[in-house]
Amino acid sequence: MITINKRQQVTWYAGMTVQALLDALKYSYPHIIVTINGDLVKHDAYEQTTVPDEADVRVIHLIAGG
Amino acid sequence: MSKSTLKMLAAFGYEVPTIDRGYAGQTLYVNVGSGTITAKPVTEDMKTKFIGGRGFDLWLLWHGVKDGTKWNDPENEVVISSGPCGGTTQYPGSGKSIAAAISPLTDVVIDSNAGGHFGPYLKFAGWDAIEVQGKAERDVVVYINGPGGQVQLWEVPEDCPTDTHVLGHWLLEQFADDEQDKQQLAFVTAGTGSEHTLMGCLNFSLYDRKRQDLRYKQAGRGGIGTVFRHKKIKALVVKGFPVKGNLNHPADLERIVRVGADMQREVATWDPVQNRMRSRGTSYLVQIMDDYDLLPVMNYKFGSHPETPKINGDIWEARYTQGLPDGCWYGCTVACAHAVDNWKVRTGPYKGSCVIVDGPEYETIAGVGSNCGIFEPWAILEMNFYCDTYGIDTISFGTGMAFAMECYEAGILDPEKTCGLELNFGNAEAALEVLHQMGRGEGFGLIFGLGIRKMKTYFIEHFGADPQFVNDIGMEAKGLEYSEYLTKESLAQQGGYGLTNKGPQHDEAWLIFMDQVNNELPTFEDKAEALHYFPMWRTWFGLCGFCKLPWNDVVDPKNKLSSEPQKIMHHVENYRQIFIGVTGQEITYDDIITQSERVYNLQRVFNIRLGHGLRDHDAIPYRSAGPVIEEEYHSREERYDQQLREWLNLDPAAMTVAEKMAAHRQYREDRYEGLIDAVYKRRGWTNNGVPTPEKLQALGIDYPEVVEVVKRHL
């Protein structure tokens with residue numbers, strides 16, 4: 001199990017990438033910051049970076065305005 | 001058509017002042033009833049305390065009306081101002097006009113902004129604001145001729161059109177001396193719908209040189225168009241001067257050019273790979289809102305719908321005419337003001353005409369589209385066009401129609417009560433017919449045009465509607481219809497709509513992602529801080545003449561590494577630099593917030609003066625906080641059940657749906673009250689929402705007549 005933004009629990013599976021996680025969550029907004037256990041994941045590494053089990057994942061959407 | 005068909009009622013000659021650091025130094029007062037036209041000086045106190053734009057609007061309106069003034073009293077005013085930075089051409093989004101009046105929907109002050117050329121042209125013609133008071137006997141046009149140094153009040157003939165797209169061409173024929181002259185003209189108009197409803201909007205024109213035709217941007221909210229037509233104003237017309245980069249005579253043009261060039265590069269680099277505003281405008285938000293369960297669907301019952309791809313940004317990108325510089329003011333490279341050209345109108349009095357449809361923008365797509373269960377682009381375009389030309393706010397129309405449709409499906413309305421219309425969700429033809437009835441002033445359109453708050457009362461009194469039900473599902477607060485975002489899972493945004501001065505319009509605060517998705521505002525105090533900072537920051541755009549979009553709709557990714565990425569401080573710094581560059585006044589980030597606080601608190605006191613503006617008036621309909629009907633609960637049952645377990649330590653398996661909904665309601669309503677307490681405290685208000693004398697003194701707006709208002713409520 002991993003935790004998203006200190007609130008949402010998501011079932012972990014082996015090989016889960018950041019991009020797969022974002023797709024599953026339908027996080028489609030382009031301005032985001034992703035960290036895993038406090039470490040920043042660069043945007044161009046989402047496809048390759050895997051998420052470890054029990055990770056503390058933060059996905060911060062940089063949108064303060066509609 | 002010649003000008004001889006107009007009858008001059010009054011004229012006022014003036015010497016056009018040299019604009020000094022963004023200010024003309026005077027405001028224009030026109031009484032369309034008495035024919036009085038005068039100039040008023042802009043004092044140093046006005047500039048220091050209220051800056052311009054919305055600040056000037058409020059200050060002039062405050063002195064123009066009485067304690068008991070209603071929207072349809074002659075002393076109510078329509079005030080329009082841009083601001084000291086309005087008319088800047090080097091920085092994107094610097095040509096806004098801000099309009100204000102006492103609203104027929106809310107009975108308090110409404111402010112609403114628009115692009116287009118009117119505000120900057122007005123200033124460059126010699127006026128920091130225009131204040132229109134009185135009520136004319138017959139239809140009039142106010143003409144401000146900058147190059148000629150004249151303000152004139154004209155009575156127009158009875159065959160003068162009213163609907164904006166027709167009236168605009170009539171005005172061009174009247175006031176443009178030649179083709180070149182058309183670019184120097186800008187109009188403010190409304191339409192026939194403004195005459196028959198309380199949700200009238202103002203249309204602000206711009207002459208599109210590439211299309212060689214008029215375009216319009218809307219100051220939509222709160223019924224200012226209704227006030228405008230009630231005064232029998234057909235149009236405000238300004239003739240400005242050819243636009244150049246230094247018309248503001250700024251204190252430091254070099255600084256503005258440097259900052260502007262940096263931002264233009266940022267837009268050119270990042271917009272194509274981010275939101276693509278230059279090709280899709282704000283329509284990009286439709287799919288994103290759907291993805292995050294935030295798109296209003298069927299009167300805010302749901303947050304997404306399988307048919308959303310039929311109306312998302314890709315659809316509109318293909319429909320908008322591409323390759324044209326669609327800025328609503330010169331120099332705006334964000335250029336989000338897209339249009340659909342050559343739209344062949346399918347219904348109503350202009351059926352068969354080929355017209356330009358300005359937009360649709362996100363709010364219109366979501367309002368008249370998904371929120372009404374309508375996923376047909378043709379219908380959205382048709383309603384967009386007719387709302388604009390009739391002078392009707394697309395947001396109030398869309399949200400109001402969503403409410404009427406739910407009332408129809410709940411049996412409160414039936415064909416007998418709607419003049420034969422079957423107002424089910426998704427019935428675009430019926431929605432359009434209501435719109436045409438509003439233009440004609442007949443049938444169900446007259447009831448609908450009163451807005452949701454008055455519709456609720458009407459449905460209760462005449463149709464036997466259950467008061468609690470219609471109050472729960474009628475998405476208005478203070479009398480203003482909600483704009484188009486779902487707030488059930490964001491307490492901060494419930495406050496972002498409810499704890500506003502004018503009513504639920506998202507230009508004050510939009511915190512859904514920070515709160516609901518990012519979980520960055522876990523405590524009441526966190527939410528209160530956000531509901532202090534962001535409304536004040538956003539208020540500042542309207543003081544200066546700026547558009548909000550370039551602040552956060554295109555951002556260099558380096559912002560991610562900043563200490564406060566949500567604030568986009570490198571853009572805040574840009575705005576600070578532009579303000580200093582124009583006015584020569586050194587300001588800090590704290591000064592920006594303080595400037596806004598003065599205006600914001602004055603507006604709050606103004607509302608109290610008008611008999612509103614207290615805690616009771618910050619109430620919100622329950623649908624904005626939680627599920628009203630079982631269908632809504634079932635649509636998110638897993639989430640709601642989990643919340644019962646986590647928040648309230650309840651076992652949903654042992655509860656009926658009605659019990660679960662009641663538990664949610666108690667919890668969510670208590671939380672909203674807790675939020676109010678925290679926000680009032682942060683803003684320096686009493687527990688009843690009244691700014692304290694100490695707060696007013698700290699802000700330097702402790703004028704005796706202002707303090708007198710709050711003392712009555714301490």
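This is a predicted model: local features need pLDDT of at least 70, side-chain atom pairs count only at pLDDT 80 or more; totals for chains, interfaces and linings use all residues.
Is Arg682(B) buried, exposed or partly exposed? Arg682(B) counts as partly exposed, because its relative accessibility is 32%.

## The seven-stranded sheet

Chain B contains an open sheet of 7 strands with mixed pairing. The order of the strands across the sheet is E1-E9-E8-E13-E10-E11-E12. Strand E1 (7–13) and strand E12 (213–219) of chain B are the edge strands; each has a single partner strand, so one side of each is left without a neighbour in the sheet. From one strand to the next, the twist averages 20°.

Within this sheet, strand E10 (residues 185–189) and strand E11 (residues 202–208) of chain B run antiparallel and are joined by 2 bridges. Val188(B) has Phe204(B), in E11(B), as its bridge partner. Helix H4 (residues 164–175) of chain B packs on the sheet. The strands that H4 touches are E8 (140–145), E9 (150–155), E10, E11, E12 and E13 (233–239) of chain B, and the direction of the helix makes about 140° with that of E10(B).

## A covered helix

Helix H12 (residues 362–369) of chain B is mostly covered, with 8 of its 8 residues buried. Among them are Tyr362(B), Glu363(B), Ile365(B) and Val368(B). The buried residues of H12(B) pack against four helices of chain B: H10 (285–291), H11 (313–319), H13 (377–390) and H14 (394–409).

## Salt bridges

Side chains of opposite charge can pair when their charged atoms come close. Over all chains, the structure holds 57 salt bridges. One of these joins Asp181(B) to Lys239(B), whose closest N and O atoms are 2.7 Å apart. Asp181(B) lies in helix H5 (residues 179–182) and Lys239(B) in strand E13 of chain B, so the pair ties together parts that are 58 residues apart in sequence. Asp181(B) counts as buried because its relative accessibility is 11%, under the 20% cut-off. Lys239(B), at 7%, also counts as buried.

A second salt bridge is formed by Asp472(B) and Arg665(B), with the closest N and O atoms 2.8 Å apart. This pair links helix H18 (residues 467–473) of chain B, which holds Asp472(B), to helix H27 (residues 657–683) of chain B, which holds Arg665(B); the two residues are 193 residues apart. Asp472(B) is buried, with a relative accessible area of 7%. Arg682(B), the residue of the opening question, forms a salt bridge with Glu529(B), and their closest N and O atoms are 2.6 Å apart. Glu529(B) lies in helix H21 (residues 524–544) of chain B and Arg682(B) in helix H27 of chain B, 153 residues apart. Glu529(B) counts as partly exposed at 36% relative accessibility. Salt bridges that share partners also join Asp208(B), Arg211(B), Arg215(B), Asp326(B), Asp341(B) and Asp358(B) into one network.

## The largest pocket

The largest pocket holds about 1300 Å³ of space. It is lined by 36 residues, and those closest to its centre are Arg7(A), Gln8(A), Gln516(B), Arg639(B) and Gln643(B).

H26(B) gives the most to the lining, with 6 residues.

Key. Residues are numbered from 1 along each chain as its sequence is written. Chains are lettered from A and ligands numbered from 1 in the order in which they are written. Side-chain values use heavy atoms; hydrogens and water are left out. Two strands pair if DSSP finds at least two bridges between them. Axes are lines fitted to C-alpha atoms, for helices over the stretch in contact, and angles run from 0 to 180 degrees between N-to-C directions. Contact means heavy atoms within 4.5 Å. Buried means under 20% relative accessible area, exposed over 50%, partly exposed in between (1.4 Å probe, protein chains only). A salt bridge is a side-chain nitrogen of Lys or Arg within 4 Å of a carboxyl oxygen of Asp or Glu. On a 1 Å grid over the protein atoms alone, a cavity is a set of points where a 1.4 Å probe fits but cannot get out, and a pocket is an open set with protein on both sides within 12 Å along at least five of seven lines; lining residues have an atom within 4 Å of a point. Grid points are joined across faces, edges and corners, and a volume is the space filled by probe spheres set on the points.
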